[in-house]
Amino acid sequence: MGLRHAGVWVDPLDTPADPVRDGAEPRLRVMACLERDGDYLILETEVPLSRPHLASQAPHFPGIGRLERHAHDLTGLIWTDQPDGRRWTRHQAWPEDRFPLRADFPVSGEDTGRAPADAEYPFAPIQGSGVHEIPVGPVHAGIIEPGHFRFQAMGEEVLRLEERLGYVHRGVEKLAVGRDPSGLARLAGRVSGDSTVAHAWAACQAMERATGCEAPPRALALRALLAERERIANHLGDIGAICNDVGFAFAHVQCARLREQWQRRSRELFGHRLLMDVVIPGGVAQDLSVGGFHDLRLDHAALRQAIDPIFDIVEDLPSLDDRLLTTGILSEADARELGCTGYVGKASGLAFDVRRDSPYPPYDRLRVEVPVQTEGDVAARVRVRLGEVRGSLWMLDRLLDDLPTGEIRTPLPSPEAGALGLGLIDGWRGEILSFVRFDDTGRIARYFPRDPSWFTWPALERLILGNIVPDFPVCNKSVNGSYAGHDL
């Protein structure tokens, strides 16, 4: 049917405040989201807590395998016929028969003493003469988040890569329970620090849809302005880092300089370099002054002038082409099978962009140019990023051209008991999904944020095959999955 699986999550209904039918036992509500041509379909079923079994969808949609394993570790749902039954999120931090999203598990956790080392994770080996194993991480040489990569290689050629993530699991979904809407927005902005605007917007959009709230037009335009600033800052950083990984430090220095200037302006105008806590339920916390309006006009023109010669070099430098062309190819079939969105999907021929294909205000009145490449290699992922920076600069000027006047926030109405909301926002990495359910007191009963990295991390395992081990850093940076956004 051509449907793309956009996520699966479990909502435990096992507390007195949850809508458990009279005489019915506690249960698990299982929800899945499918997308086709910008239309979304939510599937829902329930299983009793005493018999928490449901058929796995991973055999048909491989990209959601880790989401199912994550759901099992946190709720106890048993996926029958799951291709991979190994624990994923738990990391020995709690017993196998304890599930943190259940009502009987305290937010503060349980004191089980020192957690044993997660040294026995059964990585799948490749047997054969000449095959050797290379462990990398979880602690890395750079100042980055932790993740373990286990290579099976013949000489320098990678035969298999298996990731082990979850080291920065913070219990985000559990921490959300009992929060008020403002508290959830603050938490959502910290799911992945480089996507604070997108995650906070997705959570606020979900709460606003659940309560029937319409944010003012000026607030929506400012949210888009913030989101495009976030997109530009991160793409500039990654373009420079990709070039640096293959020895072209000039681009790294220049992009870092431009990114730093961009983020300093964000702090000056909106109070935070990463734009945290600016998006709030019902609108935004910070307006744009007249002086700030003019500063942004000048900044956009200055950045456009500065990137033109730098991007020209990046697009047409033989030494870069030698390292980036045909390196780390992700085929369109693999990208589609895994459900990749954002620059990873676009570089492999998948043109989906929530802003264009399922537009939400104010993108429903903007032209969203989607740069698409078909080669699927590191060079293609760089070209998509270059195109998105240029496109975002164009949109920022259009947002300023038609910036509405009026209020920047409106009160969030009191939700009905059990009100549900789904937020769908295009972050700089791709499609972000946010599910929210309110309890009968107007507080959060369930929050699930699905970062695009859930689908792009498995893509890294595929695109590295047949490449040499020394090309892993640049392949990894070209994907740049969020550890925190995935580990939750």
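Visitor: Is helix 12 largely enclosed or largely open, and how many of its residues are buried?

Guide: One counts the residues with a relative accessible area under 20%. In this predicted model, 18 of the 24 residues of helix 12 are buried, so the rest of the structure largely encloses that helix.

Visitor: How is a pair of aromatic rings described?

Guide: One gives the distance of the centres and the angle of the planes. By the rule that centres lie within 6.5 Å, the count here comes to twelve aromatic pairs. In one of them, Trp201 and Tyr360 have ring centres 5.3 Å apart and planes at 90°; the pair is therefore edge-to-face, since the angle is over 60 degrees.

Visitor: Which parts of the chain does the pair of Trp201 and Tyr360 tie together?

Guide: Trp201 belongs to helix 4 (residues 196-211), while Tyr360 is in the loop between helix 11 (354-357) and helix 12, so the pair joins parts 159 residues apart in sequence. Trp201 is buried at 1% relative accessibility, and Tyr360 is buried at 3%.

Visitor: Which residues form an aromatic cluster?

Guide: Phe149, Phe151, Trp457, Phe472 and Tyr483 form one such cluster.

Visitor: Where does the charged end of Arg229 sit?

Guide: For such a case one looks at the position of the charge relative to the ring. The charged end of Arg229 is over the ring of Trp262, 4.1 Å from its centre. Arg4 likewise lies over the face of Phe352, at 4.7 Å from the ring centre.

Visitor: Let us turn to loops. Is Asp471 buried or exposed?

Guide: Asp471, in the loop between helix 13 (453-463) and helix 14 (472-479), is buried, with a relative accessible area of 9%. Beyond residues up to four places away in sequence, Asp471 touches Arg323 and Thr327.

Visitor: Where is Leu325, and which residues does it contact?

Guide: Leu325 is in the loop between helix 8 (318-324) and helix 9 (332-338). At 35% relative accessibility, Leu325 counts as partly exposed. Setting aside neighbours within four places in sequence, Leu325 is in contact with Leu320, Asp377, Ala379 and Arg383. Leu325 and Glu375, 50 residues apart in sequence, are 8.8 Å apart in space, C-alpha to C-alpha.

Technical notes
Residues numbered from 1 in each chain as written. Predicted model: local features only at pLDDT ≥ 70, side-chain atom pairs only at ≥ 80, totals over all residues. Heavy atoms only, no water. Buried < 20%, exposed > 50% of the residue type's maximum accessible area, 1.4 Å probe, protein only. Helix = DSSP H or I, 4+ residues; strand = E, 2+ residues; numbered from the N terminus. Contact = heavy atoms within 4.5 Å. Phe/Tyr/Trp six-rings, centres within 6.5 Å; stacked < 30°, edge-to-face > 60°. Lys NZ or Arg CZ within 6 Å of the ring centre and 35° of its normal.
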